[in-house]
Amino acid sequence: MSEITLKPGRERSVRQQHPWLFSGAIDHTSGDPKPGESVCVMSFSGEPLGWAAYSPMSQIRARMWSFDPNVCIDHEFINNRIRSAIQRRASYSGLTITDAYRLIHGESDGLPGLIVDRYGNYLVLQILSAGIEFHRDILIELLIAASGVSNLYERCDTEMRALEGLPERSGVIHGSPPPEHVTIHENGLRFQVDLLHGQKTGFYLDQRENRQKIRAYAQDAKILNCFCYTGGFSVFALAAGAESVVNIDSSADAIELARTNIELNRLPDKRNDWMVGDVFHELRKLRDRAESFDLIVLDPPKFAATFAQVDKAARGYKDINLLSFKLLKPGGTLFTFSCSGGVSPALFQKIVAGAALDAGVNAVILEKLGQASDHPIALNFPEGEYLKGLVCRI
Ligand code: SAH
């Protein structure tokens with residue numbers, strides 16, 4: 001049995017049941033564990049604290065499996081974790097309304113480093129830790145049995161794997177390969193998703209509840225959807241009776257699929273506009289042309305991957321929010337988001353407040369938004385809260 005022993009006083013985060021153990025907290029390792037192997041975590045005084053997956057290449061040197069030193073990290077243990085995660089999503093199985101959702105959300109579901117998204121009859125896996133990689137074969141077998149879905153595709157083609165010393169990899173794991181586009185149902189609307197090449201595992205499932213929320217603001221509105229990807233917010237807004245939507249994204253493939261998704265739902269496309277471009281530039285062009293909108297959506301990619309990048313990210317958020325406030329008609333509404341883990345909800349609100357001030361508008365917060373409930377936030381893992389949004393009215 002391999003062990004890692006923590007430095008004096010460094011067991012505090014383990015006692016608070018935080019799942020990450022950073023390399024700096026570890027005094028020594030004994031037993032020469034292989035990457036991903038289970039190790040017993042000991043306090044400096046020799047008290048066993050639980051079990052973790054060892055990751056020698058990573059700054060996060062070990063991820064806690066359990067805070068009970070008496071369990072065994074075996075087939076049954078992993079099966080229980082998978083089944084509880086699936087059980088928590090039981091309410092999503094109204095398959096005609098929504099058949100695309102996150103089945104397993106890593107640390108928050110007690111499976112550190114594992115993402116599993118369901119798209120109809122396909123599961124897409126992302127393995128982001130040495131511990132999950134170590135148990136990959138057994139996980140696949142248990143996932144198929146527990147979910148009843150037998151088509152598994154792997155999108156382990158993210159750079160994040162390098163942090164764990166894992167190679168990038170993608171392809172069919174089991175069952176049939178996905179078609180070029182899989183059609184999913186989300187709250188009664190349909191979307192084509194590219195599971196092979198799309199961003200993340202194909203679709204921004206975390207925004208599902210917020211796309212649904214936009215319906216209430218969209219009727220007869222002239223809308224600007226910035227960072228539109230495959231048209232999620234646009235489809236929901238048009239279905240709720242929006243007058244027109246201007247869509248901007250830097251990805252031509254995403255814009256093409258967004259147009260397909262409007263057509264797929266038989267929504268009017270005559271008054272819509274499509275721009276492949278950089279939102280930072282396009283917002284300035286719209287301002288210079290004195291355009292104005294009733295509703296603007298800002299859903300940018302992650303500007304800050306780490307805390308070190310927060311200042312730069314803050315400048316980016318301020319810029320696009322300021323320009324958007326200027327582009328709103330009096331009484332207009334801004335749906336603004338940040339998915340940067342390093343930017344807290346309080347900081348984000350402060351940035352948006354600064355943007356309103358500099359734009360010379362008074363704004364109130366109508367709603368505070370977050371990630372969909374199939375992306376749960378475990379209380380012992382606050383890092384799991386990454387998506388925050390504000391609905392502001394000027
Ligand atoms: N709201 C979308 C998800 C947006 S994800 C939905 O509900 O599905 C962020 C998008 O921003 C991606 O599609 C990415 O291609 C795009 N993007 C990233 N940087 C950009 C930039 N500078 N200008 C325009 N689009 C950008």
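**Notes on the cysteines and the H9/H10 pair**

1. Cysteine 226 is buried, its relative accessible area coming out at 0%. Bear in mind that this is a predicted model.

2. What is the closest cysteine sulfur to that of cysteine 226? It belongs to cysteine 228, and at 8.8 Å the two sulfurs are too far apart for a bond. A disulfide here would need the sulfur atoms within 2.5 Å.

3. Cysteine 392 is in no disulfide either. Its nearest cysteine sulfur is the one in cysteine 226, 15 Å away. Buried or exposed? Cysteine 392 has 4% relative accessibility, so it counts as buried. The disulfide tally comes to zero.

4. Now for the helices. H9 covers residues 310-327 and H10 covers residues 345-359. Their axes come within 8 Å and cross at roughly 45 degrees. The two helices are therefore oblique to each other, and H9 passes H10 in a right-handed crossing.

5. Which residues make the contact between H9 and H10? On the H9 side you'll find Val310, Ala314, Tyr317, Lys318, Asn321, Leu322, Phe325 and Lys326. They meet Leu347, Phe348, Ile351, Val352, Gly354, Ala355, Ala356, Asp358 and Ala359 in H10. Sorted by class, that contact has twelve nonpolar, two polar and three charged residues.

How values were computed
Residues are numbered from 1 along each chain as its sequence is written. This is a predicted model: local features need pLDDT of at least 70, side-chain atom pairs count only at pLDDT 80 or more; totals for chains, interfaces and linings use all residues. Side-chain values use heavy atoms; hydrogens and water are left out. Axes are lines fitted to C-alpha atoms, for helices over the stretch in contact, and angles run from 0 to 180 degrees between N-to-C directions. Helices (H or I, at least four residues) and strands (E, at least two) are DSSP runs, numbered from the N terminus. Angles under 35 degrees count as roughly parallel, over 145 as roughly antiparallel, 65 to 115 as roughly perpendicular and the rest as oblique. A crossing is left-handed if the near helix is turned anticlockwise from the far one by less than a right angle, and right-handed if clockwise. Contact means heavy atoms within 4.5 Å. Ala, Val, Leu, Ile, Met, Phe, Trp, Tyr, Cys and Pro count as nonpolar, Asp, Glu, Lys and Arg as charged, and the others, Gly among them, as polar. Buried means under 20% relative accessible area, exposed over 50%, partly exposed in between (1.4 Å probe, protein chains only).
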